Amino acid sequence: MTEIVFKNFISLLSAGAFFKDVTLEPMSRFKWYQLLRVASAYNVLDIITLEMIRQASKRALIIPQEVISSIKEETSDKDGALVKEKTYEDFVRGVDKKFSNFFINRRMNKLISNEVRSIDLSVPTLVFMDKLSDCINEFLISGPNFRSIIEVGVSLRTKGDKIDFIKISEWIRSLGMNSMASIIGSYLIEIFGFTLDEIPFVDRVDSGLYSKTFKLLKNSRNNFKIDDTSEIESVKIRELIGPIKRPSTTVFRYFMRCPIEATSRFLSNISKRLSNIEE
C-alpha cells in the first residue's frame, strides 16, 4: 500500500463514518482496487464503497467511473449500518465473556449487574462500555480494528452527552484496561480528528499513530489477482477482492498496557495448542 492509498482510505472512513469534509486525491484504478481490498480485510468495505459513490456524485473524475460502476451493484442492498446496539434487556441477561482472564470477566459482569440495578442507571453508558470492551478485545486479538474503533467513535459523537464518563473511567480502571482504552481514544484523535474533550477517559494521547498505522497496512500481505499494468474489466468487486491477510500481532504487543489479560491469553493459547496436539 502506498501513502496516497492510505490517505484516501482514512479520508473515506472519516467521511463515511463521521461525516467529515474531505478531499480525495486521484489514483489509478489499480490503487482504488487496492484500497477496496484493504477495506475488505478490515471489515469496513460497506462504509468505504458507499462513501466512494457519494464522493463520485459530488466530485466527478476523482474516482474512475469503471470502479464506481463495479461497486454499485455490490452496495445496492447494503445500508452501511454498524452493529446493532444492545438494549437494557440484553444487559439484564448479562454480558458475553469478553476476556481470557476469569477475574476480569467476573469483575466486568459485576459492574454491569450493579449498574443495571442502580437507581441512576445509564443505558448509554452500558452500551458504550460494551463497545469499548469489544474494541479492546479486538486489539488484543489482532491489533487495530477500524470497525471497532469507528463503533466507539460513532457512539461518542451521537450519544456522548448521555454517557457518564466518570463511571466509564472508574470501570476501565477497575478492569485494568485504562491504558488500552487510552490507545483507542488516541486512534480516534490521531486518525479521525477527535478532540481530547470528546474522550475524557484518555489518560494520555499516543502520538505518531498515523504513521504507525500506515506502516502496519503497508506491510499487509496483499496477493493481488491483478497487477498495475493489467487491464481491469468491468467485473464484480468480489471477483477482484481475493483473500487478504491482516498483519499478525501477538497479545504481548500490548503486554505493558494490560499484563494480567495478556498473560491469561498467552496461557490460554498454550492450553489450546496442547489440547490440539493430544487430539
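Asn-43 is found in the loop between α2 and α3, and in this predicted model Asn-43 has a positive phi of about 60 degrees although it is not a glycine. Elsewhere, the axes of α1 (residues 3–18) and α8 (residues 146–159) come within 10 Å of one another, and the structure holds 10 salt bridges.

**Backbone at two loop residues**

- Asn-43, placed in the loop between α2 and α3, is a non-glycine residue whose phi is positive, at about 60 degrees.
- Phe-19 is likewise not a glycine and has a positive phi, of about 55 degrees, and its place is in the loop between α1 and α2.
- The relative accessibility of Phe-19 is 73%, and Phe-19 therefore counts as exposed, the cut-off being over 50%.

**Packing of α2 with α3**

- Two packed helices are described by the angle between their axes and the distance between the axes.
- On the α2 side the contact is made by Trp-32, Leu-35, Leu-36, Ala-39 and Ser-40, which meet Leu-45, Ile-48, Thr-49 and Met-52 in α3.
- Sorted by class, the residues of this contact comprise 7 nonpolar and 2 polar ones, with no charged residues.

**Packing of α1 with α8**

- The axes of α1 and α8, which come within 10 Å, cross at roughly 40 degrees, and that angle makes α1 oblique to α8.
- The crossing in which α1 passes α8 is right-handed.
- From α1 the contact draws on Phe-9, Ile-10, Leu-13, Ala-17 and Phe-18, while α8 supplies Phe-146, Ile-150, Gly-153, Val-154 and Arg-157.
- The residues of this contact of α1 with α8 divide into 8 nonpolar, 1 polar and 1 charged.

**Salt bridges**

- Side chains of opposite charge can pair when their charged atoms come close.
- Glu-25 forms a salt bridge with Lys-7, in which the closest N and O atoms are 2.7 Å apart.
- This pair links distant parts of the chain, since Glu-25 lies in the loop between α1 and α2 and Lys-7 in helix α1, 18 residues apart.
- Glu-25 is partly exposed, with a relative accessible area of 28%, and Lys-7, at 37% relative accessibility, also counts as partly exposed.
- Glu-51 and Arg-54 meet through their side chains in a salt bridge with an N to O distance of 3.0 Å, and both residues lie in helix α3, 3 residues apart, which is about one turn of the helix.
- Within that pair, Glu-51 is buried, with a relative accessible area of 5%, whereas Arg-54 is partly exposed, with a relative accessible area of 39%.
- A further salt bridge joins the side chains of Glu-151 and Lys-131, again with 3.0 Å from N to O.
- Glu-151 in helix α8 and Lys-131 in helix α7 (residues 123–142) are 20 residues apart, so that the pair links distant parts of the chain.
- Glu-151 and Lys-131 are both buried.

Key: Residues numbered from 1 in each chain as written. Predicted model: local features only at pLDDT ≥ 70, side-chain atom pairs only at ≥ 80, totals over all residues. Heavy atoms only, no water. Axes fitted to C-alpha atoms, helices over the stretch in contact; angles between N-to-C directions. Helix = DSSP H or I, 4+ residues; strand = E, 2+ residues; numbered from the N terminus. Parallel < 35°, antiparallel > 145°, perpendicular 65-115°, else oblique. Left-handed = near helix turned anticlockwise from the far one by under 90°. Contact = heavy atoms within 4.5 Å. Nonpolar A, V, L, I, M, F, W, Y, C, P; charged D, E, K, R; others polar. Salt bridge = Lys/Arg side-chain N within 4 Å of Asp/Glu carboxyl O. Buried < 20%, exposed > 50% of the residue type's maximum accessible area, 1.4 Å probe, protein only.
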